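I opened the model to look at one residue and one interface. My notes follow.

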Amino acid sequence: MDLEFIIKEIGMYDDQEIQIMEVCGTHTSSIFKNGIRSMLSPKIKLISGPGCPVCVTPAAYIDQAIAWSLKPDTVLLTFGDMMKVPGTEKSLSEAKAEGAKVEIMYSPQEAVKKAAADPQTTFVIACVGFETTIPSYALVLEHMTQRGVSNIKLLTALRRVMPALDFICSTDNAIAAFIAPGHVSTILGSNIYSTLAERYAKPFAVAGFEGEHILIAIYDLLQQMKNNKAQVHNLYPSAVKPEGNQAALKYIDDYFESGPAFWRGIGVIADSGYYLRPKYQQYDAGSFDLTGDANQKPTACRCGEVILGKINPDECPMFAKACTPAKAQGPCMVSSEGTCGIWYRFSKK
Amino acid sequence: MKIVMAHGSGGNATRELIKDIFQKYLANDYLDKMEDAAALPVAHYPLAMTTDSFVVTPLEFPGGDIGKLAVCGTVNDLWMSGAEPQYLTAGFILEEGLDIDLLDRIVGSLSKTAREAGIKIVAGDTKVVQGNGGLYINTAGLGYRKTGRFFGSENIRQGDIVIINGNLGNHHACILSQRMEINNSIHSDCADLGPMVRGLIDNGIAIRVMRDITRGGLGTVLNEIAESGSHGIEIEETQIPVDPEVKSFCDILGLDPLYMANEGKFLCIIAPEHADMALDILHQHPLGVHAQIIGKVADNAKPLVTIKTRLGGKRIIDVLYGEGLPRIC
């Protein structure tokens, strides 16, 4: 379909106001980079969902990661974007400045090399992510067991997207349609959204990550809604198969099992976490204890409502005042893919 | 052979290290006097002075090393203010365990780069600290402002043209590739920008401001200029040159070339009537073949940097927050 026509259509849309949620942080990032919000009719509102793993990681997780990094002969390995996520008292970045042993990794496989070279040190990997990244942690387990490396532990905050989507659909909100999480769809496939589309009568479009892909998905969802349809359209068939990536799914299943998990700002969602299977629990770093944020100090942060599309970031009393990218109070301000961080950059005056 | 703490003692080991490596490469009339300070002739021009510290790892990378980087980074800072580099100091902080052959190569590279850039190394220092084989270099650079002008952001005005000399992100992508042990053919763009800048100055291009696009990338540099110059800047995504391999690398890791560090790229904001001539000059130099006009100084007084995206959208370009690190997914 002609892109110019699509751009014109979504720019001039003048029917009832609608909210579309893009669940995936990478979609949010692409929407931001391509200036797509500036191309939409004011009657189309894009809501960034809970698909940024950094944003939904509980403060208790950060606390536990810091506790590990302070133990003797222990090093915590993490991806860079976890460094500034606030814990109850401090972030990993602040802890590191005070002497905690925190190292930024670029790939979980680095842990196996480091652990093999330094058997006296315990390496704790901060494992955060959705179905897309979980196979890489499964690979760490496979490689370490194959090589006889035992001085690695996994502190997991791994999340399943489908229970969260079900939760969002089942709560009272105005989200009318979904751009399905693209990275996760390459693993889970497109068929998996059919049940939700039917049950909640909301259309889904699986989209790639280029700006064009997202524009086409928005147009597709508008058309579905106009025609009272609630189907799953796979607009990214080159990467997303209806049945997903079976090999990756088996990998996940070999090493992990599901259980309840705490989503920062949202609460516990049943069956929405992945945990090491009992066979591998000697490598777990206390991931099961992170089902709540009991120690979290009361705060005015409303990231949870932002993630669910209930409020805009600028409706939070802390937004751009006490909470900025330089001193984030809530997780949505931390990540480059977090809704508040993106809004902050957009609304800079 | 490795560096040990004795190499920093000031005694015999220090003298031997200086003789075997530093004097071998850096000998000149100023340094050979081995005085506590270099006696420099009276300058007939206004001066510009800068300092920088270099802490890159790995110490050697495709396209350069920390020695070449230290010289290029310092001379580029001088050129950006319109000053022709003259004198350089180099302080080396060596961690014990540093491979002496590696140090030899780095000092050799630093010396060669300085010679090619026409800057004299007039003072140096060496210290050894406990550590794990690392190496850091601190420099100071002094230059002559032969035009008498100082290029500054306050000079920019509505309608001025923004030009960059080539593809963004190569240095940052190269360093990350090396750290992540990813095999690709990305080379650092580490280079002396002097010949291109001299070409612009000598041909009378009306330069308002120049900045080398190092840490924080183009996005951060443009914001700094916009704020200091109290003008908005509008750029066009389709005009920003990025090497296809660097673009793929960034796409995979979730990095944005707009915020990637470079070591051989600069932007200059010039009078619009000189745009074609400036491009011609840059295109004649091997490091300027991809030079592009990427935007202009806007007509609004708000110091916002905006980008018109490839699809026709518009967004604000903010400064880089935190480190430019790969995201999780």
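I call a residue buried under 20% relative accessible area, exposed over 50% and partly exposed in between (1.4 Å probe, protein chains only). This is a predicted model, where local features need pLDDT of at least 70, side-chain atom pairs count only at pLDDT 80 or more, and totals for chains, interfaces and linings use all residues. Residues are numbered from 1 along each chain as its sequence is written, chains are lettered from A and ligands numbered from 1 in the order written, and side-chain values use heavy atoms, without hydrogens and water.

**Entry 1: Gln86(B)**

I found Gln86(B) in strand β4 (residues 84–95) of chain B; strands are DSSP runs of E, at least two residues, and helices are runs of H or I, at least four, both numbered from the N terminus. Gln86(B) counts as buried because its relative accessibility is 15%. I looked up its contacts (heavy atoms within 4.5 Å). Leaving out residues up to four places away in sequence, Gln86(B) touches Gly118(B), Ile119(B), Lys120(B), Leu142(B), Gly143(B) and Tyr144(B). I also noted that a polar atom of the Gln86(B) side chain lies 3.3 Å from the backbone oxygen of Glu84(B).

**Entry 2: chain A against chain B**

I counted 34 residues from chain A and 27 residues from chain B in the contact. Chain A and chain B bury about 2,700 Å² between them, with 59% of it on carbon and sulfur atoms. Buried area is the accessible area (1.4 Å probe) that two parts lose on being put together, summed over both. I found three salt bridges across this interface, taking a side-chain nitrogen of Lys or Arg within 4 Å of a carboxyl oxygen of Asp or Glu. Lys113(A) and Glu181(B) meet in a salt bridge at 2.5 Å, N to O.

Key. A polar contact is a pair of N or O atoms within 3.5 Å; within protein, one must be able to donate a hydrogen and the other to accept it, and residues adjacent in sequence count only if both atoms are side-chain atoms.
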